[in-house]
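The following exercises concern the protein shown below. Each task is followed by a solution in steps.

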Amino acid sequence: MAKAAESSGDPGTTIPRPLFAGLSDISISQDIPVEGEITIPMRSQIREFDSSTLNESVQNTIMRDLKAVGKKFMHVLYPRKSNTLLRDWDLWGPLILCVTLALMLQRSSVDSEKDGGPQFAEVFVIVWFGAVTITLNSKLLGGNISFFQSLCVLGYCILPLTVAMLVCRLVLLAEPGPVNFMVRLFVVIVMFAWSIVASTAFLADSQPPNRKALAIYPVFLFYFVISWMILTFTPQ
């Protein structure tokens, strides 16, 4: 270890001195001020405020949800490969379509014992139970889609069949006959095919390539049962 030599009065003697001697006399101030401030850019604050819905009025919230439902309806009417229904899923549209379809399938009866109530419950249960069954089948086959995403797609794709039910109700106002039945059959077949194409456009890519047929077959049966209910509907 290096040592520094210090000369004394006697030129022949040297007193060794530690190299780091004197460092204890150096003091460092503990109160060093830290200047500056941390600020958030104004644009990010405005963006965060705009994206928050806590300060949004009820009217604006309802209108925003209705616009979102309307956009999803347009995606079903013009089916193409898109992840809009999967990314921004909701159950408002399926609920509206299910209730509308059930109300239109409800038979009007004068008899107090047959007031049409069971028909509404049957349609409601068939639609939701079928959608849940198809969703579970998709998950068991290894599909990479969530439970509520599948319910959203299956529910929104009932829209063509709901339109078919509306057209059939209008056609049934005319005199019954072969022409009446053929018109309703044509409308139901077209809308049935539309629902199949729209649902497969959203769900096909979420299934393994070697199991797509097993995933699409229950969807075919699901919309076929609803189509059969629409075609065989006769008001009382």
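A salt bridge is a side-chain nitrogen of Lys or Arg within 4 Å of a carboxyl oxygen of Asp or Glu. The model is a predicted one, in which local features need pLDDT of at least 70 and side-chain atom pairs count only at pLDDT 80 or more, while totals for chains, interfaces and linings use all residues. Residues are numbered from 1 along each chain as its sequence is written, and side-chain values use heavy atoms, with hydrogens and water left out.

**Exercise 1. Salt bridges**

Determine how many salt bridges the structure holds, and state whether K72 is buried or exposed.

*Solution.* 
Step 1. Side chains of opposite charge can pair when their charged atoms come close. The structure holds two such salt bridges.
Step 2. One joins D65 and R64, with the closest N and O atoms 3.7 Å apart. Buried means under 20% relative accessible area, exposed over 50%, and partly exposed in between (1.4 Å probe, protein chains only). D65, at 30%, is therefore partly exposed, and R64, at 37%, is partly exposed as well.
Step 3. The other bridge is formed by the side chains of K72 and D90, at 3.1 Å from N to O. This pair links distant parts of the chain, 18 residues apart: K72 lies in helix α2 (residues 58-77) and D90 in the loop between α3 (84-87) and α4. Helices (H or I, at least four residues) and strands (E, at least two) are DSSP runs, numbered from the N terminus.
Step 4. K72 has a relative accessibility of 4% and so counts as buried; D90, at 12%, is buried too.

**Exercise 2. Buried and exposed regions**

Explain why α6 is described as largely enclosed, and identify the helix that gives the largest share of the nonpolar patch.

*Solution.* 
Step 1. Of the 236 residues of the protein chain, 31% count as buried.
Step 2. In α6, eight of the 10 residues are buried, so the helix is largely enclosed by the rest of the structure. Among them are L151, C152, V153 and L154.
Step 3. A patch is made of residues with over 30% relative accessible area and no salt bridge, like charges being joined within 9 Å and nonpolar side chains (Val, Leu, Ile, Met, Phe, Trp, Tyr) within 5 Å. I126, Y217, F220, L221, F224, V225 and W228 form a nonpolar patch on the surface, with about 680 Å² of accessible area together (Shrake-Rupley method, 1.4 Å probe; for residues, only the protein chains shown count as cover).
Step 4. Helix α9 (residues 212-231) gives the largest share, six residues. F220 is located in α9 and is partly exposed, at 39%.
Step 5. F233, in the segment after α9, is buried at 2%.
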